[in-house]
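Here are my notes on the model, as numbered points. Please read them with the structure open.

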Amino acid sequence: MTALGDHAIAELDYEGITDPQRARLVTIIGTFAEFADADIPAALEKVQKLLKFQPLSPLTNDPDEWVLRESVVSGQQVWQSTRCPDAWTYDPAFATYFLLSGHNGGNGGPFNTEPAES
């Protein structure tokens with residue numbers, strides 16, 4: 001067992017976490033233990049983004065990244081990002097977007113997309 005695995009098992013024991021949650025967590029930790037120590041922070045950052053349905057790279061103006069949704073706002077067309085469900089745009093060129101979560105006090109945008117690679 002690795003130091004990370006030993007630590008995880010000791011903490012799970014301390015908290016009294018049992019199967020099936022324990023087995024799932026041990027599997028996840030086991031996967032991280034396969035990374036070199038220097039690679040764990042970058043891998044963890046990616047996993048956290050993926051678990052939150054966030055993109056790993058900037059959104060682009062590629063039409064394939066956007067899906068037309070029925071508008072409930074004044075009959076305007078509105079698109080939702082296929083890569084980031086929180087991102088929406090009224091811009092048919094997909095040059096800018098806003099984050100729905102930002103409309104409650106956070107930074108909702110508008111943000112600029114990156115040009116799509118040809």
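1. Terms first. Two strands count as paired if DSSP finds at least two bridges between them. Helices (H or I, at least four residues) and strands (E, at least two) are DSSP runs, numbered from the N terminus. This is a predicted model: local features need pLDDT of at least 70, side-chain atom pairs count only at pLDDT 80 or more, and totals for chains, interfaces and linings use all residues. Residues are numbered from 1 along each chain as its sequence is written, and side-chain values use heavy atoms, with hydrogens and water left out.

2. Five strands form an open sheet in the order 1-2-3-4-5, with antiparallel pairing. Strand 1 (66-69) and strand 5 (111-112) are the edge strands, each pairing on one side only. Strand 4 (residues 96-99) runs antiparallel to strand 5 and is joined to strand 5 by two bridges. Look for Y97, which stands opposite F111 in strand 5.

3. Helix 1. Just after helix 1, G16 takes a positive phi of about 70 degrees.

4. Buried means under 20% relative accessible area, exposed over 50%, and partly exposed in between (1.4 Å probe, protein chains only). G5, A8 and L12 are buried in helix 1. Seen down the axis, the buried residues fall within an arc of 65 degrees, so they line one face of the helix. The arc is that of the directions from the helix axis to the C-beta atoms. An α-helix has 3.6 residues a turn, so residues three or four places apart point the same way. The face turned away from the buried side carries the exposed residues A3 and Y14. Helix 2 (21-33) is included in what covers the buried residues of helix 1, where contact means heavy atoms within 4.5 Å.

5. Helix 3. Helix 3 (residues 40-51) has 12 residues. From first C-alpha to last, helix 3 reaches 16 Å, close to the 16 Å expected. F53 follows helix 3, and the phi of F53 is positive, near 55 degrees.

6. Salt bridges. How many salt bridges does a search of the whole structure find? Two. The criterion is a side-chain nitrogen of Lys or Arg within 4 Å of a carboxyl oxygen of Asp or Glu. One joins the side chains of E65 and R83 (3.2 Å, N to O). E65 lies in the loop between helix 3 and strand 1, and R83 in the loop between strand 2 and strand 3 (87-89), so the pair ties together parts that are 18 residues apart in sequence. E65 is buried at 11% relative accessible area, and R83 is partly exposed at 27%. The other joins D13 and R22 (2.8 Å, N to O). D13 is partly exposed, at 48% relative accessibility.

7. Q80. Is Q80 buried or exposed? Q80 is buried, with a relative accessible area of 12%. Q80 sits in strand 2 (residues 78-81). A polar contact is a pair of N or O atoms within 3.5 Å; within protein, one must be able to donate a hydrogen and the other to accept it, and residues adjacent in sequence count only if both atoms are side-chain atoms. The side chains of Q80 and R69 make such a contact at 2.8 Å. A polar atom of the Q80 side chain also lies 2.8 Å from the backbone oxygen of P85. Leaving aside residues up to four places away in sequence, Q80 touches E65, W66, V67, R69, P85, A87 and W88.

How values were computed:
The expected span of a helix is 1.5 Å times one less than its number of residues.
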